[in-house]
Amino acid sequence: MACNSSSCQSGCFRNEVEREQHSNPPTETRSDSNEPNLCVKCKANEPMCGAGEDGKFCLDCFRSNLYGKFRLAVTSNALITPADNVLVAFSGGPSSRVALQFVHEMQQRSQKNFDASKDRSLRVFGVGVVYVDESTYYSVPSCEIDKAIQDMKLTVSDLAPPAKELHIVPIESVFSLESSDGRERLKKLLDSVSDPTGREDLLLHLRMLALQKFASENGYNRLVLGLCTSRIACHVISATVKGQGYSLSADIQYADARWEIPVVLPLRDCLAKELNMLCQLDGLKTVEFLNKPHSGINGLVSSFVKLLQQENPSRECTIVRTAGKLTPFHFNKIPELNDSSVPLASRRRQKRFNLKPSESISSESFCPLCYSPLNKSDLTSLNGQESSENSNIFGAACCSSCRFQIFPKDHSSMEHFCSLLPGPVVARAKHGDSNGNFSLLRKQIQDCLLSDSEDET
């Protein structure tokens with residue numbers, strides 16, 4: 001007869017149970033010691049593996065923490081206000097997908113506040129979505145292009161109201177006002193750049209021109225990019241290697257108003273790993289399309305930073321935090337809000353967190369190709385250039401990095417290269433951009449200007 005707890009007289013069963021209890025103490029006893037298996041924020045739910053802070057957050061806290069970073073960046077730097085019309089640059093990847101989702105959720109909350117207000121005085125900012133189609137340069141089957149675009153349109157249309165529309169902008173649209181064969185002109189322009197790094201950088205500059213052109217023509221006053229800490233960390237190192245140290249601080253701030261349409265980076269404090277995980281956990285569909293691996297300097301730096309991140313998960317944050325100590329430029333803030341329809345709290349918050357003139361440096365001249373601020377050495381070469389040839393004028397007006405990475409090595413090919421560039425780019429170098437003569441004008445009227453202390457008085 002089998003031995004059990006009711007029939008055992010020798011105590012063997014009781015001894016066995018006591019041994020099991022001794023080797024496996026109750027769950028409550030184990031969890032009482034500092035609660036190692038609970039979320040560090042809510043202290044109630046089990047943490048998700050890899051969900052931020054080395055897997056110490058549960059799903060809800062991980063998501064709220066990530067959205068909190070986005071929200072803090074937006075409110076502290078006045079990146080988006082109720083009076084704005086925001087254009088989100090969407091590529092289909094995790095970063096832009098999360099940026100679109102968070103901007104949409106912020107708009108939803110504004111809409112609820114508007115509906116709940118009695119006088120309907122609270123405005124709701126508008127949101128548009130744009131995708132820059134670069135398939136003209138990359139050889140991709142048309143069926144794959146159509147499927148990717150349909151998936152992106154479905155992603156945008158599935159968002160809850162307020163409804164949004166996805167705009168498809170071909171990158172060759174930067175030539176639309178000058179030539180009907182923009183595709184051929186784009187291919188010739190990029191093929192004329194022999195350096196792989198320079199070709200990638202030029203394509204990036206053309207992409208920004210296409211975004212700016214579309215935003216300006218369609219009434220948008222903010223351009224949201226999904227650049228995160230990981231991408232910015234790679235840019236910090238690659239820009240340093242390329243000799244762009246002077247203009248580096250201009251590219252890594254929350255706001256960049258040197259463009260006609262200010263560019264904002266609300267995901268600046270979020271890691272790519274966190275954004276990828278949020279897409280997986282929340283089921284945010286991404287479209288992996290035209291994600292070509294970087295080559296040249298950009299590819300080497302990307303692999304290097306990825307290796308650093310594997311050795312130490314805080315390396316990317318350390319790189320960005322260190323670069324953030326560089327003195328920003330005066331245009332690295334959104335212009336002050338004077339619209340009476342903007343809530344007073346938003347105006348106060350902007351004045352509190354935005355940069356003061358004494359905390360920034362001024363640069364009124366920009367490279368006509370990459371639009372980087374020019375330093376004194378670049379300006380000296382520009383002022384000393386006296387030539388009637390467009391190629392010489394354009395070459396002298398550009399920064400040293402563009403001259404080295406993008407310009408043709410053969411000087412005789414420079415005229416052909418300039419003829420392939422979009423007209424506004426060449427015109428900025430020939431006639432000077434709208435900001436190019438500010439320094440000369442300021443010297444002429446210096447006696448009439450008020451100092452900061454006099455202005456405050």
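Start by selecting Tyr 131, which stands opposite Ile 168 in strand 3. Before we go on, some ground rules: this is a predicted model, where local features need pLDDT of at least 70, side-chain atom pairs count only at pLDDT 80 or more, and totals for chains, interfaces and linings use all residues. Residues are numbered from 1 along each chain as its sequence is written, and side-chain values use heavy atoms, with hydrogens and water left out.

Now select strand 2, residues 126-133. Helices (H or I, at least four residues) and strands (E, at least two) are DSSP runs, numbered from the N terminus. Strand 2 pairs with strand 3 in the parallel sense over 5 bridges; two strands count as paired if DSSP finds at least two bridges between them. Further along this pair, Asp 133 sits opposite Pro 170 in strand 3. Strand 2 also pairs with strand 1, again parallel over 5 bridges, and there you'll find Asn 85 opposite Gly 126.

In what order do its 6 strands run? The order is 3-2-1-4-6-5, in an open sheet with mixed pairing. Strand 3 (166-170) and strand 5 (255-256) are at the edges with a single partner strand each, so one side of each has no neighbour in the sheet.

Next, show helix 5 (residues 142-157), lying across strand 2 and strand 3 at about 145 degrees to strand 3. Axes here are lines fitted to C-alpha atoms, for helices over the stretch in contact (heavy atoms within 4.5 Å), and angles run from 0 to 180 degrees between N-to-C directions.

Beyond its neighbours within four places in sequence, Ser 95 is in contact with Gly 226, Cys 228, Leu 267 and Leu 275.

Last stop: select Leu 206. Leaving out residues up to four places away in sequence, Leu 206 touches several residues, including Ile 171, Val 174 and Pro 422.
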